[in-house]
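Student: I would like to learn how to read a strand and its surroundings in a model of this kind. Could we go through one together?

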Amino acid sequence: MPRSQRAHDATLEVEPHLARQLVDNQFPAWAGRPLRRWEQAGSDHVIYRLGDELSVRFPRHTGAIGQARKEMEWLPRLAPHLPLSIPVPVAVGEPALGYPWAWAVAGWLPGAVATVDELGRFAGCGAYPANSARFSLDR
């Protein structure tokens with residue numbers, strides 16, 4: 001089944017009380033920070049702001065469940081080679097309290113939501129291909 005169809009099969013919502021419990025239990029240092037849902041989230045994740053400096057991303061469906069660990073490994077390596085800022089991964093939360101998948105905590109980037117049109121501006125100027133060509137995936 002194509003990923004786009006799978007994405008709608010079993011979509012999870014993460015209610016504020018569950019998000020709060022997961023953050024507080026797994027990352028006690030952040031327990032006092034305000035946690036508020038970010039309504040402009042995409043279709044892959046439920047996103048919460050954690051204080052002013054962090055975001056918490058919970059996968060909504062099975063098509064997104066591997067992203068937290070991949071981002072933690074790869075985004076710090078990719079970031080210096082990209083012509084735009086990307087969120088810096090801070091931590092990966094574990095499945096708990098009935099929530100079934102790993103989830104991510106990352107730095108919050110101020111600004112507009114990245115769209116295909118906005119990203120197209122970078123591809124059109126040639127900066128991204130030039131930078132990506134210099135990057136090696138060797139560990």
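Tutor: Let us begin with a turn: S2 and S3 form a hairpin with three residues between them, and Gly 51 in that turn has a positive phi of about 65 degrees. Strands here are DSSP runs of E with at least two residues, helices are runs of H or I with at least four, and both are numbered from the N terminus. Keep in mind that this is a predicted model, in which local features need pLDDT of at least 70 and side-chain atom pairs count only at pLDDT 80 or more, while totals for chains, interfaces and linings use all residues. Residues are numbered from 1 along each chain as its sequence is written, and side-chain values use heavy atoms, with hydrogens and water left out.

Student: How many bridges join strand S2 to S3?

Tutor: In general, strands of a sheet pair through backbone hydrogen bonds, either parallel or antiparallel. Two strands count as paired if DSSP finds at least two bridges between them. Here, S2 (residues 45-50) and S3 run antiparallel and are joined by six bridges, with His 45 standing opposite Pro 59.

Student: Which residues of strand S5 stand opposite Arg 57 and Ser 55?

Tutor: S5 (residues 103-107) runs antiparallel to S3, with four bridges between the two. Arg 57 stands opposite Ala 104, and the bridge partner of Ser 55 is Ala 106.

Student: What is the strand order in the sheet?

Tutor: The order is S1-S2-S3-S5-S4, in an open sheet of five strands with antiparallel pairing. The edge strands, S1 (35-38) and S4 (89-93), each pair on one side only.

Student: Are the faces of S3 covered or uncovered?

Tutor: Burial is read from relative accessible area: under 20% is buried, over 50% is exposed, and values in between are partly exposed, using a 1.4 Å probe and protein chains only. By that reading, six of the six residues in S3 are buried, with Leu 54, Val 56 and Phe 58 on one side and Ser 55, Arg 57 and Pro 59 on the other.

Student: Why does His 61 count as buried?

Tutor: His 61 counts as buried because its relative accessibility is 1%. This histidine is found in the loop between S3 (54-59) and helix H3 (67-78). A polar atom of the His 61 side chain lies 3.0 Å from the backbone nitrogen of Gly 63.

Student: How much of the protein chain is buried?

Tutor: Of the 139 residues in the protein chain, 30% are buried.

Methods:
Polar contact = N/O pair within 3.5 Å; in protein donor to acceptor, adjacent residues only side chain to side chain.
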